[in-house]
Amino acid sequence: MSLLRVENLSKEFGGVHAIADLNFTFNVGTIHSIIGPNGAGKTTLFNLISGIYTPTTGRVFLEDRDAHGLAPFELAAMGLSRTFQNLQIFFNMTALENVMVGLHMRLDSRFWPALLRIGGIGKKEQEAREQAAELMRFVGLEAYLDTDADAMPFGALKRLEIARALASEPKIILLDEPAAGLNTTETEEIDELIRKISETGVTVVLVEHDMRLVMGVSDHILVLDNGRKLGEGTATDIQSDPNVIQAYLGAGHLGNGDADD
Amino acid sequence: MTGKLMNPRSGGLLALAAFIVAVPFLLPNEFYFDVAVRAGINAIVCVGLNLLIGYAGQISLGHAGFLGLGAYTSAILTANYGWHPLAAMALGATLVGVLAFAVARPILRLKGHYLAMATLGLGIIISIVVNNEADVTGGPDGMMVPPLVVFGFEVYGEKIWYWLVGAGLLVSVWLALNIIFSPVGRALRSVHGSEVAAEVSGIDTARYKVMVFVISAILASAAGSFAAHYSGFITPSDVSFFKSIELVTMVVLGGMASIFGAVVGAVILTILPELLTWFSEYEHMIFGLILMLTMIFMPKGLIPTLSVKMRIQGGARVEGKQS
């Protein structure tokens, strides 16, 4: 059984084919990367998979279930989780509360018990706080537990999004440029975090421009250009794929691993 | 125990209860009780409106319409059809809840100015209806409303009303705090913070927006019924567009995303016109000015701004961003 399968997927924006006739299959328990130049359609693809956009044609399957027309929150319930390239943080909350929102599906969110405060809500909230704190430790944010999100540095907010995305206990997590805007040390920490997430059994799909990170961490790479698949395979396959080299990376860029777009 | 008192939920609720009990000792005569009752009724509306505006981040410029529907349902059913006031109040709240539910989905798909315009339109439609249906509402002249009857007793006099409204406010605040300090409340705040992030976290944002819109409309309706029975007379100007603006100003001044802020805002802006009676012709202008100045100099509102100041001076940490 494939975890994520995309069949003949297309998305048009007023005549522009952001994604055109795309097919691929991602399997369980591996780290996948989607690379391609700016405008290749990577973020559009994430938005299609996570239900934020509806495909013009084609289908997305999650664990062989047709995900067509499902809202993002329904896909979340099926085990899909994601982060955003341009951060989507709840700046009206503390860091811990941000992660607790990620726990939402696993908490009792019925209206009447909440309104009348029955059914041990106070105790369950305390447990949720502890779980969220545990996740913040997992991503290395133990120093920010009670910090207001709007008072946190950029690098920490990137991790906060990851912690929130993990809180829903996803089967698959989409990370949209987790290393963008980070320095070398922070990028190495993200690299480490991605491996740690993968070790817990969560399938990771990465969109990233940092080639050193992508080539080092990925089990499987999908290359997009102009919304089409240019090639796919392991890092070694990609680096030797003449199409990829010619159209995107350019000869000589791969060996020294610079980010370049 | 001290921990329990210090937490914003039970501690704040106790403080409000103590305040409600203490105020009568400071009020010299009936006139002040009258102001207090009207402040309390406004506060009940604002507690609900703040859930919508302050917590979920959705504007409404039409809540006077819901208040008006509650008030006129109570007035018409008790005056013209001899209904028991509490039954009329319950039916009014139900009708308003159903109306709010029906319009919420299409309206709450809109954002920002568009949502403001749509809710504004809704409020104005209701206001036009009560103005024009003179046969049942008395039109612009208004109509008399029989007194409220509870357990066979007529509620009469400012002092009795004070305790009734005080109890109603306390219950409203308790319910609102229950919602806020629960996964439901966090979901509401997440809609405000980032709708798309809330969705991918598994939150059905449309459901929560509808939910909070309906709750706030029902609270406004109940407060409207109270107001109608209390004053014994009701006119369309009590439920006009300006009333909606007044309510929003109370929420903004007191503090977005602060239940107690909503109460404080309602109290201040109910008292203010009484202090400035010689300014009464400029009342709307003054409210507009307060709204503008608050947005410019204190966008978070009175209570959140003050609590941040106190936190910095006292060096104390308050858990969570709710207050």
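Predicted model: local features only at pLDDT ≥ 70, side-chain atom pairs only at ≥ 80, totals over all residues.
Residues are numbered from 1 along each chain as its sequence is written, chains are lettered from A, and ligands are numbered from 1, in the order in which they are written. Local features need pLDDT of at least 70 and side-chain atom pairs count only at pLDDT 80 or more, while totals for chains, interfaces and linings use all residues.

**Exercise 1.** Determine how many residues of chain A are in contact with chain B, and which elements supply them.

*Solution.* Two residues are in contact if their C-beta atoms, placed from the backbone, lie within 7 Å. By this criterion, 35 residues of chain A touch 28 residues of chain B. On the chain A side, at least two residues each come from α2 (72-77), β6 (80-82), α3 (95-102) and α4 (111-116); helices (H or I, at least four residues) and strands (E, at least two) are DSSP runs, numbered from the N terminus.

**Exercise 2.** Describe the pairing of β1 and β2 in chain A.

*Solution.* Strands pair if DSSP finds at least two bridges between them. Here, 7 bridges join β1 (residues 4-13) to β2 (residues 16-26) of chain A, and the strands run antiparallel. K11(A) has I19(A) in β2(A) as its bridge partner. The hairpin has 2 residues between the strands, and G14(A) adopts a positive phi near 50°.

**Exercise 3.** Classify the packing of α3(B) against α8(B) by angle.

*Solution.* Axes are lines fitted to C-alpha atoms, for helices over the stretch in contact, and angles run from 0 to 180 degrees between N-to-C directions. For α3 (residues 30-55) and α8 (residues 158-180) of chain B, the angle is about 15° and the axes are 9 Å apart. Angles under 35 degrees count as roughly parallel; α3(B) and α8(B) are therefore roughly parallel to each other.

How values were computed. Parallel < 35°, antiparallel > 145°, perpendicular 65-115°, else oblique.
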